[in-house]
Amino acid sequence: MTKRRRFKQAFSLKDRLTKFAEDVRKKAGVLPPGPAREDMLRKARQADTAAHIEEWANSPSLQPPE
């Protein structure tokens, strides 16, 4: 039987999502207006939302988002 390869992340999920969103926004900034740019900006918004949800889910009091 083969062993599963384990990998410990160096940064938290929130940090990785935030970094991804920043990088995508920079790339979208150099693109001309159009569907490709809008898709990249949508991905950045989704990453920001995921970071907020992850932060909320890991909060000690687990309050609903405001």
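The model is predicted: local features need pLDDT of at least 70, side-chain atom pairs count only at pLDDT 80 or more, and totals for chains, interfaces and linings use all residues. Residues are numbered from 1 along each chain as its sequence is written, and side-chain values use heavy atoms, with hydrogens and water left out.

**Helix α1**

- Leu 17, Ala 21, Val 24 and Ala 28 are the buried residues of α1.
- These residues lie on the same side of α1, because they cover an arc of only 70° around the axis, taken from the directions from the helix axis to the C-beta atoms.
- An α-helix has 3.6 residues a turn, so residues three or four places apart point the same way.
- The partner against which the buried residues of α1 pack is α2 (35–57).
- Helix α1 (residues 13–29) has 17 residues and should span 24 Å, which agrees with the 24 Å between its end C-alpha atoms; the expected span is 1.5 Å times one less than the number of residues.

**Core and contacts**

- The largest nonpolar core has 6 residues: Leu 17, Ala 21, Val 24, Ala 44, Ala 47 and Ala 51. Such a core is a set of buried Ala, Val, Leu, Ile, Met, Phe, Trp, Tyr and Cys residues joined through side-chain atoms within 4.5 Å.
- Two or more residues of this core come from each of α1 and α2.
- Ala 21, in helix α1, is buried with a relative accessible area of 0%.
- Beyond its neighbours within four places in sequence, Ala 21 is in contact (heavy atoms within 4.5 Å) with Ala 44, Ala 47 and Asp 48.
- Ala 21 and Ala 44 are 23 residues apart along the chain, and their C-alpha atoms are separated by 4.3 Å.
- Leu 17 touches Ala 47, Ala 50 and Ala 51, residues up to four places away in sequence not being counted.

**Overall shape**

- The protein has 2 helices and 0 strands, taken as DSSP runs numbered from the N terminus (helices H or I, at least four residues; strands E, at least two).
- The radius of gyration is 16 Å, well over the 11 Å that the globule rule gives for 66 residues, so the protein is more spread out than a compact globule. The radius is taken over C-alpha atoms, and the rule is 2.2 Å times the number of residues to the power 0.38.
- Buried residues make up 11% of the 66 residues.

Conventions
Buried means under 20% relative accessible area, exposed over 50%, partly exposed in between (1.4 Å probe, protein chains only).
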